[in-house]
Amino acid sequence: MREFIIKVVTYVLIVCGITVATNVLYCRNDSRFPELEPYKTMPEKFEYCAFGSSHAYHGYNFDGIKEEHACFNFGLAGQSFIYDLNLLKTYIDHIDSNTKVFITVSYFSLFGLSDEKLPSFKQKNTRYYFILPDERIINYNAWIDFYETKTPSLIAYEKLPITLCGGVKDSGARNNINNNTVDMLEDIAAYNYNVVTDHIFKNKIDLYGKRIINNEEINALLEMVNLCKKQGADCVLVTTPYLREYIEGIEERAPEFFKDFENVMDKVIGDSKIPYYDYSHDQRFIDDHKSFSDTDHLNANGGRRFMDILMEEVEFGDSYRRLRHAF
């Protein structure tokens, strides 16, 4: 009996040892969330930082100024203002009176159902287990935390051998480190139709055909502004440039949208009392296919160019100002 117990314990220890070693190696080469790599080298204090969705992620390319200024881009694909707010609360000590904050307002930001009601929520939510404390993760689940952040090799399945052998590394961590242009898309019209559907219609219209205004998101945005002001930081609201195809795709299918958006933004600007810079129709970008990777996202060159323009044109300060560029 004693020998049997010793064999069982030995077997368990061997299995545990192999599991731990495999998991350590897997975590070292894991590239599931390359967009989170910058969090490992976050500056102690920000001079410039940006929040928002993929339009922020791709729109603010700090490469041209990061040698002289401490910068950080919190933007992530599909990120809501509620998560922007939670990120701001978590990393608030990196922001002070010397910080300039860009808060990105996309066309879909203020409308539609709450994040957790969307089919894509669970998959998108996983990334926040790596960069936020438990209490700031929506619908936090301890089991998800355990197997996603502590033992990811146990659920890696077919990805395990590839990752253990070195993984597939992202060349620049952030996907906007490329210069793909919109003309490289296989079907620009099809892409644009689908993205307009996602941004303007999908989960954005109620049973009576009216656009759903998301007051939770609006309140989160306003709380972000107040937190920045308490830190002494200056902030502005920004809508990044879009291509004509994207703008006209919305005009053709939802001509009332722009009025709805402006009405909500007028209230946001009035309540926040900070400048709003709207580059959505900017003539310097609207037909410049070489600056976009698709019809609504800037590529690396476009992001650098846009950052240069922001550095030259944006005036921070506590004032009510709405600036729309070159309709």
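Arg305 is placed over the face of Phe285, 4.3 Å from the ring centre; a charge is taken to sit over a ring if NZ of Lys or CZ of Arg is within 6 Å of the ring centre and within 35 degrees of the ring normal. Arg253 likewise lies over the face of Tyr193, at 3.8 Å from the ring centre. The model is predicted, so local features need pLDDT of at least 70 and side-chain atom pairs count only at pLDDT 80 or more, while totals for chains, interfaces and linings use all residues. Residues are numbered from 1 along each chain as its sequence is written, and side-chain values use heavy atoms, with hydrogens and water left out.

Aromatic rings also pair with one another. Rings of Phe, Tyr and Trp (its six-membered ring) pair if their centres lie within 6.5 Å; planes under 30 degrees apart count as stacked, over 60 as edge-to-face and the rest as tilted. By this rule the structure has 26 aromatic pairs. In the pair of Tyr39 and Phe72, the ring centres are 5.1 Å apart and the planes stand at 80 degrees, so the arrangement is edge-to-face. This pair links distant parts of the chain, 33 residues apart: Tyr39 belongs to the loop between helix H1 (2-29) and E1, and Phe72 to strand E2 (residues 71-73). Helices (H or I, at least four residues) and strands (E, at least two) are DSSP runs, numbered from the N terminus. Tyr39 counts as buried because its relative accessibility is 14%, and Phe72 counts as buried at 3%; buried means under 20% relative accessible area, exposed over 50% and partly exposed in between (1.4 Å probe, protein chains only).

A stacked pair is formed by Tyr83 and Tyr128, with 3.7 Å centre to centre and 10 degrees between the planes. The buried residues are Phe81, Tyr83, Asp84, Leu85, Asn86, Leu87 and Leu88. They pack against strand E1 (48-51), strand E3 (100-104), helix H4 (121-125) and helix H8 (215-230).

The cysteines form zero disulfides, a disulfide being a pair of cysteine sulfur atoms within 2.5 Å. For Cys49, the nearest cysteine sulfur is that of Cys228, 6.6 Å away. Cys49 counts as buried, at 0% relative accessibility. The sulfur of Cys71 is too far for a bond, since the closest cysteine sulfur, in Cys49, is 9.2 Å from it. Cys71 also counts as buried, at 13% relative accessibility.

His297 is located in the loop between strand E5 (276-278) and helix H11 (300-313), and its 10% relative accessibility makes it buried. Its side chain makes polar contacts with the side chains of Ser54, at 2.7 Å, and Asp296, at 3.5 Å. A polar contact is a pair of N or O atoms within 3.5 Å; within protein, one must be able to donate a hydrogen and the other to accept it, and residues adjacent in sequence count only if both atoms are side-chain atoms. Apart from neighbours within four places in sequence, His297 is in contact (heavy atoms within 4.5 Å) with Ser54, His55, His58, Tyr191 and Phe292.
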